Each structure stands twice: as structure tokens, then as C-alpha cells.
Amino acid sequence: MKIAVCIKRVPVMDVRFRIAADGKSVDETGLKYDVNDFDLWAVEAALQLKEKTGDGEVVVFSLGPDAVQEQIRKALSMGADRGVQLKADRAPADPLSIAKALAAELKASQWDVVFFGKVAIDSADQSVGPMVAELLGLPCVSAISSLDIANGRGTAKRELESASEIVEFPLPVVLTVDEGLNKERLPNLKGIMAAKKKPLEVKPAQLDAGTVNVVAMELPAERAAGRIIGEGAAAVPELVRLLQTEAKVL
Amino acid sequence: MSSTAAKPSVPTAANEPHLANPDQNPSFTKGIFLGELREDLVFPFPAMSDADRESLRLVLDSFRSFAADTIDSKQIDHDGKFPDAVRAGMHELGMMGMNIPEEYGGFGASAQVFNRVFGEIGAADPALAVYFGAHQSIGCKGITLFGSEEQKRQWLPGCASGEIVAAFCLTEPGSGSDAQAMASTAVPSADGSSYALNGTKIWISNAGYAGVFTVFAKVPVTIDGKAKQRVTAFIVDAKSPGITLGQPEQKMGIKGSDTRTVTFENVEVPAANRLGEVGQGFKIALEILNSGRLGLAAASSRGTRRIMQEALAYAKQRQQFGRPIGSFEMIQQKIAANAAETYASDSAWMLTAGMVDRGGVDFSLETACCKIFASELAFRASNDALQIAGGIGYSKEYPYEQAVRDSRINLIFEGTNEILRALIALTALQQPGERLKALGKAFKDPLHSLGAIGSYVAGRARRQVTKPSFARVHAALKDEADAVAAIVHDLGLAVEGLLVKHGKAVIERQFLQMRLANAAIDIYMAVAVLSRTTWEIERAGSVDAAAAELDCARVFIPAAMRRARRAIRALRVNQDDRLKAIAERALENVDLAPPSPSDR
């Protein structure tokens, strides 16, 4: 089983973001980075699939500057076999540019499964995985929350708004992974050590200029401060009145 | 197309365990007792390599995720033991092999990485840090440092996986700080193939889990026709017949850690399990503890940060008189004082870890300085955090009281802070003492020793005139650096004066030893702060960008130098005779102070 996983380096979300001076990107000072959560579940899915079939190779791809090697090595320390960095000064805003660069690289080998996370938690496009499938001419199942692969075919579950559906598909396939498919393993010390010795290839990303650009970025409006109406039972009638007339929630 | 496939790792100097080797290697702290500043030993500040930084980040990420899911420190404290999942998780993560060399199945972490992780574990649960530290900081460290190739191959892979938990057996009922009083014996069999081990060891962390013990016992030897006993180290398989464990001790804190008495009764230890040579036990024990202590320093520093984090969050949220209590200056004083000292403590353990990794440096006194300073800081800070929290600080529902109990042990184990202070003072007095002794001999035979006397007198004159100074400290810290250099100069002269006055009797004068050690600790902390802050300014690119670090340095160093100056002055001007009289009266009466007027 030959398995590719495409991962993205994203900022860790527990900070207050600021917008950079150009008005259309995030100020990166002081940010910490990690592998996109959904991509970690994709890596885990790939590793489980390899372990279940007993042989094969899990190859991790990431597009971006040299800093992404850190995220590739995290995937290697979880157990992936080798990594490929598609080197670019930065990941472009146009998902199609990224998809074309990944597809150009992936096309050079035969893959049984190509995994993506469902969405990158920073840019939230949800489109690179399906676009790569299109460019490779492969079927795509997005947002899977369970997976079973045997005898060259697969079954997956997808969570819908208020239902779930079971889909079947042939291999090779492109899958994008939703929350709930698995819980990613923690890299242990042996894995971290082994990762240092695993191959990590660096190739230039074949990026075109792209046609979609971010022109402005703004933070959500500050929420208005709360208001204290009074204390105890005496304040209840006024509270109810305001909830009805002003907040209009009752 | 290029490839950056990492090359197969060769053990680097950074990953090899280094000894302090006090007899051979230069020591910064010994130097200051001679009035010398070995700046080359403390500059530049040892920044972590990028590779170390990346592995550290991965290890910390994994440990934090594991801790968030699995470790409930309050529950562990309540139950007095770890749930199975906690130990199993530590083993699965590979934590038990953190500082065991790679070729024996471990991670081969540098001292910088190892101690940083030690700190993180201590912040998650201090008892778990004891489990982790008793195992590899001291438990199997002897095998790593002194084991033969066969011994390493036999034991270390099991220790690295956690399958074999290690424990360190030094302390006995009658032998704590006084290791010479050891009563355990190991008597060789007639054919020399084994030793019969007898004795009782107490306060043994990890005893209940142990698969292997590092045990110290006296071996009878004959030297020049006289029967003598020589302390020797042994690797003892915990499955050997004749070993019995006591019940777990009920302790004040670190309750989750398993602490017991271990009794050895005619335990047959194969001669192949002797660690090092007969008589090397002391040196082995000291070397193990030399580096082991650093873990306690790192854990105490990190623990200080953690409990103060609770207090800071509380101080921001708790309102009194219509404002958060954090806005009151009596609270801010506690925050700022602990912040500056944590900055110093972090600087010092990291500088010292860098010495351990570098090799060729005697770090034995520095690790002692770090342990003393950090353990006292963590206990004081836990108490301050509890005070900031007020009434709720005293409640078992909040983490403060546990922090006070848990942090208390660090002032006691791996060498009490008292014995470590004596160690610092007496070890550091050796060199100046020898110089003076040589001089004393020279004066007995002055005609043949004019050279020695002349060079001593010239040296003393030079020391008085040419003061030591720093060349590598950033200009922004010039005043602080000058103050430290001036104190080092004063210390060198004071030590000389002290030795001339008291001679060998200084061994009995612990009032003096305490002051010497306290001065040395404050000087070393201040030097570490100078080294780190210089690095921080260079890293940040400007003095302004390192304002937070500079503020800590500029608060810590003058305060530390005021303490050091007072300690050095009190070597000459003191109330020691009176203090001694009071103490001896109290001991005689077993009553602390003169009877209260109400009891007359």
C-alpha cells in the first residue's frame, strides 16, 4: 500500500492574532506553529492503514519554506517513512496553485490513497484535497469520519448536517479527513529519534502565479461589553423586558 | 533537486555523558574563591542547537498532550500513588530512556534537553518527576557513567524502555549526609565470584517498582596489612533472593512517589555486577549526584513558574476594594521578587547544563549552587503563591497547599542544602588552602623557598591591585558586571584572610562555611544572569527588545551582590560566639529560648 499524506504548517490558535502592516496577512511575530489538526488525523489514518495492511510506505508532503520541515519531521516521528518538502517562499493564497504543485509531484508515483485533512484551520478553504483529486483524475471522498479499506475498495462514513452517509469507492482515491476519524498518536522519543534519520527530500514547488488573491483582512468586531442591570429578584422584570425588547431573544 | 536527508546520527560530544571530574577539570566556583573570574567557563551562554530545540519541542508537545489527558496531580496526591496509565504512558513515550545513550536504546538527550523535560514533568506532577528522576538522574545513571560495556548492554535497554525501573540506594538509618558512616557491607566470596550484600537502605524512591538497584556498600580490604573498608558500588538485580521492601512511607508531599526501606540480607551479587573498582563507590556516588542535582534545580524553577501562574491568574481576577488584588503593590512585590529569582534560577541551571554537555568542566559546585537556590526559591514561591491566594490558598481544593508540601522535599534530598553548603565551602577552600600550606612550608625553610614566597607575595600584591573584570558582558550591564567582579575580588581576599586566621579549624566553623557558600551561590547566580542576559540582548537585537530580561537582571544582581557583600563582611564581623552560646544553651535545656515571663 503506497500512501501519501499532504500536511500544512499552521499557527497554533491559542493566541490573539494581529493583522500585519500590509492589511492583508497575519502578523507572524510571536506565533507558534504546528501541523494542522485535521492533517494530524490524516497522518494517523495513513499510519493505521499501513499497519493494518502490514506493508507499504507512508510519504508526507508539505509545501512551503524550510520551516515546514519541522512539521514534516513531526509526521516522521509519528511513524511516516519519508518526507518531501515542496519548497516555496510561502504557501500561496490560491488553493489551485497549491493543488497544481502537489498534483505535479504526486503524479510522478502511483498512490493507493492520498490523504488530506478536511480543512486547514488557518485558511479554511477546504479545497486543496478535492482539487488535487480532480487534477489527478481520481475519485475523492471528503470529510470522512470512519474508514475501512480492503481488497482494493474502501468504505467511509461522512457526517452531514443532521445525518451521516456511508460511501463506497475504488482505489486509488483521494480522501480528506474529518474530526472523529481517530485520535492522533503522540510522537514518542524513539520516533523522534528515528525521524532524524529518515529521508526528507527538498524540491522546488512548481507554483504558478495563481489567480485568487487576498486583498484585505480584518478582525471580527469587538463584542460590546455586557451590562449589569441590577442584583437579585428585583432586577428580573427589567432583565426580561430587555431580553424581549432589546436583545430580542425571548 | 537537493536532499537534506538527515545523516545517521553519530554520538556527538553533546550526547555523551560527562563527568565533573573535580580533580582534573577547571571550576568556575573554585576560581572565585581565589578571586579569579574564569569568564571562558561561563561565556557565551550555551544556546541550544536547532536540532535540540526541535526535538525538545516535539518531546514537550507529546508530554503535554499526554499530561493533559492522563495526569491528575491532585488525585495522585490524594491516592498516594500513580494510576497505571501514568507510568505506562511515561514508558510508552520513551521518557524513561531520556538520558540513556542511543546505543543502549535511549534518547541520549543532552543535559539541556533532559533537564528542561525534567522541569516540565515536575510542573505537571512533582511526584512523577521523582519517579522519572530517581530512575535515570540517579537510579541507573551510575551504569551510564561507570558501567562496563557488558553492564550497559545488560541493563540499560531495559531501563530505557521502562521495563526495568531503577533506584539509587545510598542513605541508611545511620548514614545520611555522613556517607562514611555507612554500615552496609559486601563481602567477597572465597572464590571471588560474588559478594554477600547485607544492609538496610532507607528513603529509597522507586523501591516498590524497582527492577534494579544501584547500591553502595563497604567491601573489606587489606591495605599494608591492615583491615580496611572501602565504599563500593554494585548493580543489584531486584529479583535476587534476600531483598525485602518495607511499606511505602507516608510522606508530607510527593505522595505519589514510592518511597520505602530496602533491606539486603545475604544477597548474592555476582562480581560482574560491581560498578567500577573496589573503593570507587564514593566517587561514583558523588558524580551521580553531581549531575542528578541539576534535575531538581530545573524542576524547582519550572515548578515555581507553574504555581505562580495560578497565583497570577487569581491576582488578576480577584477583586477587592473595587480592583484586582494584582494591582496592589504588596502583591506586585511578591510577583516581581519571584520573577527576578526565577530568571536567575533558569539562567543558572541552563548555564550549568551547558557545562555538563560541553565536558571538560568541573560542574560539581555549580550543580549544588543551582539545587540550593532553586529549591529554596520554589518553596518560598509556593508559599508566596499561597499567600496571594489568601484563604483559598489554604484550601485543599486549590493547588497551592500541595505545591508547598511537594516543593519542601527539594531542600532535603539528593544532599540537604546544609551539607551542600558545606560541600561548596570546603571544596572551594581546598585550593587556596593548599596554596597557603605550601607557603607555610616555604617559610619553614625560607632560604630554599624564596621563589615560592616571592611568587606568593607578588601574587597577593597583584590580586590586591589588579581586580578581576568581565570582558564579555554586554555594555548595558556594565555596572552590574563591575559589582560582581568587585565582590569576587573581595571574596578572594576574604578567603585568604579567613584561612590565615582559622587554618584547618575552618572545617569546624560552619557559620563561616554557610556565609562562604551563600556568597558563592549569589555570585554564581549573578554571573549566570550576566551571561544569559548578554545572550538575550544579542538575540533580541537591541537593549530595548530585551527589556523584560534586563529588568530582571537589574533587580536580581544588585540584590544578590548586597547579600554577598554582607556575607563576606560577616566572615570577619559577626556574632558567632554569641550565636553558638545561645544554640548550645538551647540544646542543653532542650528549650529554645529563655523561659517566657509568664512561666517564671
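**Figure 1. B:E341 counts as buried at 13% relative accessibility.** Buried means under 20% relative accessible area, exposed means over 50%, and partly exposed lies in between (1.4 Å probe, protein chains only). The model is predicted, so local features need pLDDT of at least 70 and side-chain atom pairs count only at pLDDT 80 or more, whereas totals for chains, interfaces and linings use all residues. Residues are numbered from 1 along each chain as its sequence is written, chains are lettered from A and ligands numbered from 1 in the order in which they are written, and side-chain values use heavy atoms, with hydrogens and water left out. The partner of B:E341 is B:R563, and their side chains form a salt bridge with an N to O distance of 4.0 Å (a side-chain nitrogen of Lys or Arg within 4 Å of a carboxyl oxygen of Asp or Glu). This pair links distant parts of the chain, 222 residues apart: B:R563 belongs to helix 18 (residues 547–569) of chain B and B:E341 to helix 11 (residues 329–358) of chain B. Helices (H or I, at least four residues) and strands (E, at least two) are DSSP runs numbered from the N terminus. B:R563 is partly exposed, at 29% relative accessibility.

**Figure 2. A salt bridge joins B:E401 to B:K396.** The N to O distance between the two side chains is 3.4 Å. Through shared partners, salt bridges connect B:D77, B:K396, B:E401 and B:R405 in one network. B:E401 is buried, with a relative accessible area of 14%, while B:K396 is exposed, with 54%. Over all chains, the whole structure holds 46 salt bridges.

**Figure 3. In chain A, the side chains of A:D208 and A:K100 meet in a salt bridge.** Their N to O distance is 2.9 Å. A:D208 sits in the loop between strand 11 (200–204) and helix 6 of chain A, and A:K100 sits in helix 3 (residues 95–106) of chain A, so the bridge ties together parts that are 108 residues apart in sequence. A:D208 is partly exposed, with a relative accessible area of 32%. A:K100 is also partly exposed, with a relative accessible area of 36%.

**Figure 4. B:F45 and B:W535 form a tilted ring pair.** Rings of Phe, Tyr and Trp (its six-membered ring) pair if their centres lie within 6.5 Å; planes under 30 degrees apart count as stacked, over 60 as edge-to-face and the rest as tilted. By this rule there are 16 aromatic pairs over all chains. For B:F45 and B:W535, the ring centres are 5.8 Å apart and the planes stand at 45 degrees. The two residues are 490 residues apart and link distant parts of the chain: B:F45 is in the loop between helix 2 (39–42) and helix 3 (50–70) of chain B, and B:W535 is in helix 17 (residues 510–540) of chain B. B:F45 is buried, with a relative accessible area of 7%, whereas B:W535 is partly exposed at 23% relative accessibility.

**Figure 5. B:F373 and B:F556 make an edge-to-face aromatic pair.** Centre to centre, the rings of this pair are 5.8 Å apart, with 90 degrees between the planes. B:F373 lies in helix 12 (residues 364–389) of chain B and B:F556 in helix 18 of chain B, so the contact ties together parts that are 183 residues apart in sequence. Both B:F373 and B:F556 are buried.

**Figure 6. The charged end of B:R87 sits over the ring of B:Y209.** The distance from that charged end to the ring centre is 3.8 Å. A charge sits over a ring if NZ of Lys or CZ of Arg is within 6 Å of the ring centre and within 35 degrees of the ring normal. B:Y209 is also part of a cluster that ring pairs form with B:F82 and B:Y131. In chain A, the charged end of A:K2 sits over the ring of A:W111, at 4.4 Å from the ring centre.

**Figure 7. A:V236, A:V240, A:V249 and A:L250 make a nonpolar surface patch.** The patch covers about 350 Å². Patches are made of residues with over 30% relative accessible area and no salt bridge: like charges are joined within 9 Å, nonpolar side chains (Val, Leu, Ile, Met, Phe, Trp, Tyr) within 5 Å. Accessible areas come from the Shrake-Rupley method with a 1.4 Å probe; for residues, only the protein chains shown count as cover. A:V236 lies in helix 6 (residues 236–245) of chain A and is partly exposed, at 42% relative accessibility. Chain A has 6 helices and 11 strands, and 40% of its 250 residues count as buried.
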